[in-house]
Amino acid sequence: MIDRLYAQYEERLAYDLLERRDLRAEWRRQFGYVFDDCQRSMKLGRVVVNDDKVALASLLGVSTALSGISLEKLTLAWGEMFDVFLSGLTGFGAGRLLPVGRTQLALTAINRSVVERGRISSVWYEKALIKRLEGLRTADRKRAARELHDWFGSNISLALRKLELHDLTTESKEGFSRRHIEDLHSILGNLFEGVRRLSSGLRLQTPVSNIDRELRSYVDAYGLDLTDVTIFVDGDEADVPSHIRGEVFLVLRECMRNIFTHAGAGQALIMLQLSPSRVCAVVQDDGRGFAAQNGAEGSTTGSGLISMKERIRALGGTFNITSMPMNGTRIAFLVPLTDGPHDLA
Ligand SMILES: Nc1ncnc2c1ncn2[C@@H]1O[C@H](COP(=O)(O)OP(=O)(O)O)[C@@H](O)[C@H]1O
Ligand SMILES: [Mg+2]
């Protein structure tokens, strides 16, 4: 009897409520518990609901929330459960499930049992949803912090550098100065574009067509004579998917920025190897170095190193930093492009 009734119930349930096997089993169990409550109430002649079993309906709330199923579907499912019991009692075959005349008590028991389950499951649905949203918000905040640091920070320091150069050259070299002002315009334009994208919730990154060229123009634009920068790119950029190119560029640019702002290096070297199976990079300077902990957390106040590491890890790669005070800094990372073992030497 109960099985036939449950089969009717499944037919009415939204497909995604039954898609996962554990969810489906839980609906079946809850259906049985409601039936038990009904039978027990009939036996005792008053409405009783087994609270311990009702509490288990929280599982359905949590599972549906985590599966991305709407609260509306969950609520409707409980409504359908009541309807199926109702038609079992009053429709065809009435009197087989329960003695006629006691339908009133049976219906009250079923109603209480189902409504209480609906309540518990929706309370837990909300709890699970809030937890899930908090998780998403944290991930989002981390991403936003990364983008702000790498995109805005980089452009702003470039703009400031340009202004410094402008101040130095305003009186003496008119043409040179005008060029810096033009650069400043395009840098500030970039910043503005970044703000626009951030506010519309899009990713901040623009596609990088050629890492080599973009890096060189960044190094040129920075205009520091103190550090002699060598960029060596081996391989074909077309082998590397564009979103990975973008991330690799941001990491390398961040390395360069640290060298310009902190290292006081005479020489800096960027080596980038691109192949269909992996991207491998080493950035080395002979500057003042610092007491780096590998992984860089906790050791410093900045977020540049942390964000570099996060970007590479997010691509499934490995990131390695070695630095000693007065002994230069070396950053190496590797991003696998196809499956297979990859080691960072
Ligand atoms: N190439 C480098 N040479 C010397 N010191 C560095 C280098 N890269 C990073 N550092 C040190 O690590 C710190 C943290 O760097 P980072 O996380 O990029 O933050 P920020 O650059 O904003 O300070 C820097 O403040 C600096 O002291
Ligand atoms: Mg930095």
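**Close-up views of a predicted model**

**Figure 1. Helix H10 meets helix H11.** In this predicted model, helix H10 (residues 242-263) and helix H11 (residues 304-314) have axes that come within 10 Å and cross at roughly 160 degrees. Angles over 145 degrees count as roughly antiparallel, so H10 is roughly antiparallel to H11. The crossing of the two helices is left-handed. To find the contact yourself, look on H10 for Glu247, Leu250, Val251, Glu254 and Asn258. Their partners on H11 are Gly304, Met308, Arg311 and Ile312. What kinds of residue make up this contact of H10 with H11? There are four nonpolar, two polar and three charged residues.

**Figure 2. Val251 and its surroundings.** Let's stay with one residue of H10 that takes part in the contact with H11, Val251. Leaving aside residues up to four places away in sequence, Val251 touches Met308, Arg311, Ile312 and Phe333. Met308, Arg311 and Ile312 belong to the H11 side of the helix contact.

**Figure 3. The largest nonpolar core.** This core has 35 residues, and those touching the most other members are Val248, Val251, Leu252, Ala281 and Phe333. Which elements give two or more residues to this core? They are the helices H9 (211-222), H10 and H11, together with the strands E2 (267-274), E3 (278-285), E4 (318-323) and E5 (329-336). H10 supplies the largest share, with 10 residues.

**Figure 4. Gln273 in strand E2.** Here we visit a residue of strand E2, Gln273. Phe232 is 41 residues from Gln273 along the chain, yet their C-alpha atoms are separated by 8.4 Å.

**Figure 5. Stepping back to the whole protein.** The protein contains 11 helices and five strands. Of its 345 residues, 29% are buried. Now consider the contacts with a separation of 6 or more: 71% of them join residues 24 or more positions apart.

Note on methods. Residues are numbered from 1 along each chain as its sequence is written. Chains are lettered from A and ligands numbered from 1 in the order in which they are written. This is a predicted model: local features need pLDDT of at least 70, side-chain atom pairs count only at pLDDT 80 or more; totals for chains, interfaces and linings use all residues. Axes are lines fitted to C-alpha atoms, for helices over the stretch in contact, and angles run from 0 to 180 degrees between N-to-C directions. Helices (H or I, at least four residues) and strands (E, at least two) are DSSP runs, numbered from the N terminus. Angles under 35 degrees count as roughly parallel, over 145 as roughly antiparallel, 65 to 115 as roughly perpendicular and the rest as oblique. A crossing is left-handed if the near helix is turned anticlockwise from the far one by less than a right angle, and right-handed if clockwise. Two residues are in contact if their C-beta atoms, placed from the backbone, lie within 7 Å. Ala, Val, Leu, Ile, Met, Phe, Trp, Tyr, Cys and Pro count as nonpolar, Asp, Glu, Lys and Arg as charged, and the others, Gly among them, as polar. A nonpolar core is a set of buried Ala, Val, Leu, Ile, Met, Phe, Trp, Tyr and Cys residues joined through C-beta atoms within 7 Å. A residue is buried if 20 or more other C-beta atoms lie within 10 Å of its own, exposed if 12 or fewer, and partly exposed in between; C-beta atoms are placed from the backbone.
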